[in-house]
Amino acid sequence: MSVSLIYDPAYLTHNTGNHHPENAHRLEVVLGTLKASDIGGHLRIVKPSSARVEDLLRCHHEEMVHHVKALCESGSSSIDADTHISRESYEVALLAAGGAISAVDEVMKEEGGRAFCLVRPPGHHATVERAMGFCLFNNAAVAARYAQAKYGAESVLIIDWDVHHGNGTQEIFWTDPTVFYFSTHQYPFYPGTGAASEHGAGKGEGFTLNIPLPAGTPASIHRKVFVDALHAIHQKFHPDLIIISAGFDSRRGDLLGGLMLEDSDFSEMTKEVLRISEQDSAGRIVGLLEGGYNLQLLGGSVKSHLTAML
């Protein structure tokens with residue numbers, strides 16, 4: 001068994017400034033940890049292609065895509081107070097979304113296909129109309145729509161365990177019963193969405209599940225509610241593909257969060273997702289790096305996730 005690791009050095013050129021928490025050092029520490037570990041030989045590095053604008057337009061309005069491009073090309077340093085950019089950022093964001101697409105291609109080649117996208121900028125806050133929260137384009141959403149368009153996936157499950165709620169992903173699929181969005185996250189917290197009462201609308205009613213957790217929730221409780229919710233989803237929704245918005249800022253000690261998960265919890269949560277995938281999606285899983293901002297911890301958390309995938 002091997003895992004495709006989607007990575008390109010160009011991801012380091014999205015320059016947010018040395019003091020911004022979402023910076024290139026995040027990927028560098030993960031790469032260093034993996035290189036020094038005993039799982040490096042089981043990771044197959046795959047260089048991604050850039051997403052096409054038409055791939056983005058399955059999830060984002062054309063005006064939003066053009067706005068992000070114009071801001072980057074003009075030399076602007078930010079989209080909002082949180083979301084910093086540089087001239088290279090638009091092209092890097094296309095490559096990040098393209099990394100998610102490349103991961104889908106990798107896992108759809110065979111049963112049991114697994115891939116992890118070591119990409120930046122992250123994506124789950126990017127809405128239909130707005131780049132925000134460090135995110136330019138919604139990588140997980142682009143991947144889900146691509147899987148449907150290219151491979152005829154009838155149903156996709158997106159699991160988001162980032163400390164922040166993925167408001168963008170939720171919004172994109174709010175009325176869509178073919179993509180189930182499931183999130184555990186700290187609440188109340190940025191971006192202010194993700195209450196338990198938010199569960200979709202129209203045909204998508206019941207295909208969004210939020211598990212809001214207060215800061216300081218013990219890891220054992222966090223993991224139990226995650227597993228219980230996952231099993232409840234499995235009773236009614238049988239995905240052809242599972243995508244994990246893997247934010248490791250839900251780890252104890254992260255700079256931007258107050259949840260208490262340990263690396264062992266990410267491992268066990270991954271294994272639980274694998275059990276579901278082996279029953280429904282021929283074992284096919286795509287993991288996508290979202291948050292995770294403690295440079296002393298991030299590499300170990302990603303390694304735990306990948307070790308469980310293996």
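Contact here means heavy atoms within 4.5 Å. The model is predicted: local features need pLDDT of at least 70, side-chain atom pairs count only at pLDDT 80 or more, and totals for chains, interfaces and linings use all residues. Residues are numbered from 1 along each chain as its sequence is written, and side-chain values use heavy atoms, with hydrogens and water left out.

View 1. E106 sits in helix α4, residues 89–107. Helices (H or I, at least four residues) and strands (E, at least two) are DSSP runs, numbered from the N terminus. The relative accessible area of E106 is 12%, so this residue is buried. Buried means under 20% relative accessible area, exposed over 50%, and partly exposed in between (1.4 Å probe, protein chains only). Neighbours within four places in sequence aside, E106 is in contact with S4, I6, R44 and V46. F266 is 160 residues away along the chain, and its C-alpha atom is separated from that of E106 by 23 Å.

**View 2. The salt bridge of R44 and E106.** Side chains of opposite charge can pair when their charged atoms come close. A salt bridge is a side-chain nitrogen of Lys or Arg within 4 Å of a carboxyl oxygen of Asp or Glu. R44 and E106 meet in one, at 2.2 Å from N to O. R44 belongs to strand β2 and E106 to helix α4, so the pair ties together parts that are 62 residues apart in sequence. R44 is partly exposed, at 39% relative accessible area. E106 counts as buried, at 12%.

**View 3. The salt bridge of K47 and D8.** The closest N and O atoms of K47 and D8 are 2.8 Å apart in this salt bridge. The pair links distant parts of the chain, 39 residues apart: K47 is in the loop between β2 (43–46) and α2 (53–56), D8 in the loop between β1 (3–6) and α1 (25–36). K47 has 60% relative accessibility and counts as exposed. D8 has 8% and counts as buried.

**View 4. A pair within helix α8.** R275 and E272 form a salt bridge of 2.6 Å, N to O. Both lie in helix α8, three residues apart, about one turn of the helix. R275 is partly exposed at 40% relative accessibility, while E272 is buried at 13%.

**View 5. A salt-bridge network.** R52, E54, D55 and R58 are linked in a network of salt bridges. A search of the whole structure finds 18 salt bridges.

**View 6. A negative surface patch.** E62, E63, E129 and E171 form this patch. Patches are made of residues with over 30% relative accessible area and no salt bridge; like charges are joined within 9 Å, nonpolar side chains (Val, Leu, Ile, Met, Phe, Trp, Tyr) within 5 Å. Lys and Arg count as positive and Asp and Glu as negative; His and the chain ends are not counted. E63 lies in helix α3, residues 62–73. E63 is exposed, with a relative accessible area of 59%.

**View 7. H222 in helix α7.** Helix α7 spans residues 219–236 and holds H222. H222 is buried, at 0% relative accessible area. Beyond its neighbours within four places in sequence, H222 is in contact with T184, L213, T217, L259 and L261.

**View 8. Two cis peptide bonds.** R120 and P121 are joined by a cis peptide bond, with omega about 0 degrees. P121 is in the loop between β3 (114–117) and α5 (139–151). Y190 and P191 are also joined by a cis peptide bond, with omega about 5 degrees. P191 is in the loop between β5 (179–186) and β6 (208–213).

View 9. F134 is not a glycine, yet its phi is positive, about 75 degrees. F134 is placed in the loop between β3 and α5. At 13% relative accessibility, F134 is buried. A282, also a residue other than glycine, has a positive phi near 55 degrees. A282 lies in the loop between α8 (263–280) and β8 (285–289). Its relative accessible area is 25%, so A282 is partly exposed.

**View 10. E88 between two helices.** E88 is found in the loop between α3 and α4. E88 counts as partly exposed, at 38% relative accessibility.

Terms used. Accessible areas come from the Shrake-Rupley method with a 1.4 Å probe; for residues, only the protein chains shown count as cover. The place of a charge is taken as NZ of Lys, CZ of Arg, CG of Asp or CD of Glu.
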